Every structure is written in C-alpha cells, then in structure tokens.
Amino acid sequence: MKIAWEERGDGAPLLLIQGLGYGRWSWAPIVPALAEHYRVLWFDNRGIGDSDRPEGPYTAKLMAADALQVLDEAGIERAHVLGASLGGMIAQELAARSPERVDKLVLCCTTPGGAATVPMPEVTVRLFAEAATLAPEVALRRFVENALAPDASAELIQELFDLRVANPPDPVGWQAQAAAGLGFAGIDGAISAPTLIVTGTEDNVVDPRNSDVLAERIPGAEVRRIENAGHLFFWEQPAAFVGIISEFLQ
C-alpha cells in the first residue's frame, strides 16, 4: 500500500490523521507552528490524494494500520497522535490496538462511535439531503460554510472553497472512507494513553456533545472547547488550537 506522507521539524514525533475527504494539504494552517517544537508527520489517508485508492469499503481499523505504516516508514517507534473527525476514529483504533506506539492522544471534532454517538446536527442532515438538487459548486460552497462557525469570514470561506476545488476527493475513495466512519463501533475502555479531546462550540458536522460522551469512555480524558469555532477549528483559530495542543503535549 502506498501512503503518501511528509514530515517537518525536530523533536518528539507527532502524527496527524485527517478526516473524510481531506488530504494532507488541509493541515497547512498548523504544521509550521507545530514543527517548531515537534517532528510532525502528516499523510493522505487511503482513498485520497497521492495515496493508493483501493476499492472499499474501508474500516477505521484498516486505516489505523496505514497510520502505523507511516510511523514504520519514518523509523518511529512511538509518537503523539492527533486525529480529526474520521481521523479521530482512526486514532482511537490506533491507540487501542497498538498502545505501545502512542504516547499522548489528541482527538478532535470526533465521536465515540456506535450507539453512543450523538447524531449529526439536523442542519447537516438537511444539507446532505439537499446537495443532490444543487449545482456541484453551490453544494460544495454550502458544505464549506457548514464546516465553519456562522461568523466565519468570507475570505476564509473562499480560501477553503478554492482549495477544495483544487483538491477534489475521488468519489469512490470518498465513499470508501465514509463507510469507515459509519462503521466505527467505538472503543470502550481500551485506551490508556493520556488523552485530550478538542471540540468547537459551533460544530455543525459533529455535535460537540460527542466530546463529553467520548471523555466518559476514556479514563482521565480532558475536554477543551474552542469558543465560536466550527468543525474546522484548526483553520478558523489555528493559533489557539496549537496553543492547546502544545500545552497538553509538553
């Protein structure tokens, strides 16, 4: 399996795992600051970007094995792991199944999986239902807006829209990744790594209440909320997010 990855910086290794339909380009707002203190590794999940796109459906467990492959190829025995959205589910699988490879764990805008998950906010459910009736670019812009806080700037919306247009996900790969999220049943009591859970208070994609449910299932987990931030808070408030991460990992 070819998994395309990059690295930057020195220090303790920090592996970044992205969510559904987003390639490694989407870590751009936080990599430079993190790389000042950590050896940051980030990659394209299977099904997107420059990584292989085998037929699906995928599972979070399978995608966690890809993340381990990146660590192996980089010669890293143990790393901090940060996952966002679907990447948070992958990170949970990684921490539960290979605890010896994970130092500290950061789970962002994600869910506990299975029946414990607080359902997707109604505004996003409606958007998915309406998307098929909209022109593709109109639907894409709506999805970008929905992933940000209501008061997100027009400049940020346009920047992300342009990046999404320039980096379109493979439809088959997107469906295969989506299956991994839908099929994630959760990890109950199996994570021993010190864990930080981060959510945006205005997340319209993953209900912020999932962070509290998830924290109840991981011993000693801490929850941090970024005020007035949506699902993509690492784009909306990168400095605040990096500060929260750095405080936890130091």
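Which side chain meets that of R101 in a salt bridge? The partner is D72, at 2.9 Å from N to O, where a salt bridge denotes a side-chain nitrogen of Lys or Arg within 4 Å of a carboxyl oxygen of Asp or Glu. Because R101 lies in the loop between α3 and β5 and D72 in helix α2, the pair ties together parts that are 29 residues apart in sequence. R101 counts as buried at 11% relative accessibility, whereas D72 counts as partly exposed at 49% (buried, under 20% relative accessible area; exposed, over 50%; partly exposed, in between; 1.4 Å probe, protein chains only). Helices (H or I, at least four residues) and strands (E, at least two) are DSSP runs numbered from the N terminus.

The model is predicted: local features need pLDDT of at least 70 and side-chain atom pairs count only at pLDDT 80 or more, while totals for chains, interfaces and linings use all residues. Residues are numbered from 1 along each chain as its sequence is written, and side-chain values use heavy atoms, with hydrogens and water left out.

Across the whole structure, 12 salt bridges were found. In one of them, R46 pairs with D66, the closest N and O atoms being 2.5 Å apart. R46 is in the loop between β3 (38-43) and α2 (60-74) and D66 in helix α2, 20 residues apart. R46 is buried, with a relative accessible area of 7%, and D66 is buried as well, at 4%. A salt bridge also joins R142 to E130, with 3.1 Å between the closest N and O atoms; this pair links helix α5 to helix α4 across 12 residues.

The largest pocket holds about 1400 Å³ of space. On a 1 Å grid over the protein atoms alone, a pocket is an open set of points where a 1.4 Å probe fits, with protein on both sides within 12 Å along at least five of seven lines, and lining residues have an atom within 4 Å of a point. Grid points are joined across faces, edges and corners, and the volume is the space filled by probe spheres set on the points. The lining comprises 46 residues, of which L20, F128, F143, W174 and V205 lie nearest the centre. Helix α7 gives the most to this lining, with seven residues.

Helix α10 (residues 238-249) has 12 residues. Its buried residues are F241, V242, I244, I245, S246, F248 and L249.

Technical notes: The expected span of a helix is 1.5 Å times one less than its number of residues.
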